[in-house]
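Keep the viewer open as you read.

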Amino acid sequence: MFEPVIAPSASLVGLLQRGRGDGQLHALAADRSEAVEALETCVTRDPRPDWQVENRSLYYARLYMELEAPLTGMERHLHSLDDALDQDESRTGLALSVLGHLAAYGRRDARDLLRDYVATGWNWAWALDELALRDDDRALLELAPAVLRRFPEGPAGDAELRAAVRGAYEPRPWRLWAAHHPRVATAGEQSPFDLWQRQLNRGGVTPGWSTADVLAWADRPETGEAGSGEPEAAARRAAAAARCLAAVVRTEDRDAVLDAARHGLPGARAAALRYLVDRQDEAVAGLIEVAAADIDERVVSAALSVLGRMRGPEALAHARRWADPSTGGADSALGEAAVQLLADAGEAADGPLVVDALRRWISVRGVEGAGLATLVDGAGRLAAAAAVPALRHVYGETVSSELRGRAARALAGTDPYFAQGLAVECLWDCEESTRELAARHVTTTGDVRVLERLRRLAADPAEEAEVHAAVRGRLTSRERP
């Protein structure tokens with residue numbers, strides 16, 4: 001898939017790509033043709049780092065409505081030759097979701113474009129799910145022949161049809177079609193049995209019921225196991241082995257587990273470390289230190305990942321020692337992981353360590369990367385006021401709207417000016433949780449835009465229930481004598 005270039009945060013395109021509230025405000029104040037072009041760029045080249053956890057569709061749909069923007073850019077995108085060549089849901093998913101919201105707002109051209117794409121496009125199932133929520137029964141019934149033509153008569157086509165019925169996010173069209181098309185009815189009846197059969201026939205080697213068997217199994221992936229050589233697969237297997245150890249380890253097996261955690265193969269070592277951490281074994285801190293200094297990256301990764309599962313006063317004491325800048329540990333991988341633990345479970349006195357780590361992260365890595373979110377959350381949880389400049393920087397620069405929402409939540413508890421400042425912008429943010437946060441904290445006096453925005457959010461049927469509740473609570477409190 002095409003990787004979009006993210007524009008600077010101060011530009012109109014950059015603000016819209018990030019889903020920031022200021023993006024909508026700037027677009028409405030800009031030249032209309034420039035705003036529409038920027039909007040089309042975002043919708044046709046999905047800017048999200050992770051489209052499965054970040055929202056943009058309602059944000060962009062609202063701007064389409066405000067600008068009364070045409071859908072020609074999305075139409076070209078959906079009907080381009082790339083639709084057949086690049087069969088990745090993320091290429092067209094955002095545009096289809098935006099069209100779904102526009103159809104809900106009453107845009108007939110959006111509904112027609114979705115219907116046409118169901119009949120001709122590669123990602124037709126997504127478009128059908130959007131229509132299932134917004135279209136009437138008659139129109140959905142008219143789409144059935146075009147969809148059924150995608151599944152040729154015969155065993156292979158019938159199997160594909162069952163898979164489509166089973167995988168539909170919204171079952172409404174299929175239920176309508178089942179009453180008129182025997183093939184759909186049969187597919188709907190057979191689909192649960194297919195799933196049951198796959199579960200019965202699921203292969204896989206399981207460990208024997210002894211500590212030694214489980215530790216050996218942790219390093220013996222099944223032949224042909226999907227992704228068996230990948231770090232994620234190895235981590236999943238180690239976690240499964242640790243759960244098995246919890247069921248089979250006896251008191252007399254402790255020495256074997258300790259030996260595996262100290263000298264075992266990578267999988268057994270990871271499983272043993274995780275088991276010992278979960279049992280809060282007194283020896284685990286020393287074992288983590290040794291593993292974190294190992295030459296095998298797999299062992300180091302396992303040690304750092306299980307460190308985050310440690311809890312209790314002794315664990316925090318070890319984390320403070322590992323993260324102590326006076327010993328140079330703060331710059332080590334173990335020190336960084338220790339600060340993550342302090343951010344997640346530390347006490348107020350750990351705030352300076354977390355703030356220093358947050359500043360160091362931004363200086364070295366910028367405002368992206370796994371682990372930054374934990375430091376942001378920790379600064380807010382520990383009410384570390386010294387982190388406010390760093391949190392504002394993360395809020396303004398990150399491409400991830402999910403991380404920006406975390407920064408806003410941290411600022412709500414640390415920045416005395418949040419309610420009069422960033423909370424106003426957050427009312428237009430693309431993330432519903434950020435809009436809800438803003439509605440609960442924003443100052444309703446002094447800025448004429450605030451009350452107008454709150455009233456519009458309260459009246460918008462597409463808004464989430466949590467945002468409605470927060471907004472109406474603020475409006476009701478103002479109306480009380």
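A residue is called buried at under 20% relative accessible area, exposed at over 50%, and partly exposed in between, using a 1.4 Å probe on protein chains only. By that rule alanine 35 is buried, because its relative accessible area is 0%.

A word on the source. This is a predicted model, in which local features need pLDDT of at least 70, side-chain atom pairs count only at pLDDT 80 or more, and totals for chains, interfaces and linings use all residues. Residues are numbered from 1 along each chain as its sequence is written, and side-chain values use heavy atoms, with hydrogens and water left out.

Now the whole chain. It has 29 helices and zero strands. Both are DSSP runs numbered from the N terminus: helices are H or I, at least four residues, and strands are E, at least two. The C-alpha trace spans about 70 × 65 × 45 Å along its principal axes. Of the 481 residues, 49% are buried.

Go back to alanine 35. It sits in helix α3, residues 32-44. Contact here means heavy atoms within 4.5 Å. Beyond its neighbours within four places in sequence, alanine 35 contacts Leu12, Ala27 and Leu67. Its C-alpha atom is 8.4 Å from that of valine 13, 22 residues away along the chain.

Threonine 44 also belongs to helix α3. It counts as buried because its relative accessibility is 19%. A polar atom of its side chain lies 2.6 Å from the backbone oxygen of glutamate 40. Leaving out neighbours within four places in sequence, threonine 44 touches Gly73, Met74 and His77.

Next, a helix pair. The axes of α9 (residues 124-134) and α10 (residues 137-148) come within 12 Å and cross at roughly 170°. Axes are lines fitted to C-alpha atoms, for helices over the stretch in contact, with angles from 0 to 180 degrees between N-to-C directions. So α9 is roughly antiparallel to α10, a label for angles over 145 degrees. Trp124, Leu128, Leu131 and Ala132 of α9 meet Leu140, Leu143 and Val147 of α10.

Finally, the cores. A nonpolar core is a set of buried Ala, Val, Leu, Ile, Met, Phe, Trp, Tyr and Cys residues joined through side-chain atoms within 4.5 Å. The largest has 90 residues, of which Ile288, Met310, Leu358, Val376 and Leu427 touch the most other members. Another core, of 50 residues, lies apart from it and includes Cys42, Tyr60, Val98 and Leu128.

Note on methods:
A polar contact is a pair of N or O atoms within 3.5 Å; within protein, one must be able to donate a hydrogen and the other to accept it, and residues adjacent in sequence count only if both atoms are side-chain atoms. Angles under 35 degrees count as roughly parallel, over 145 as roughly antiparallel, 65 to 115 as roughly perpendicular and the rest as oblique.
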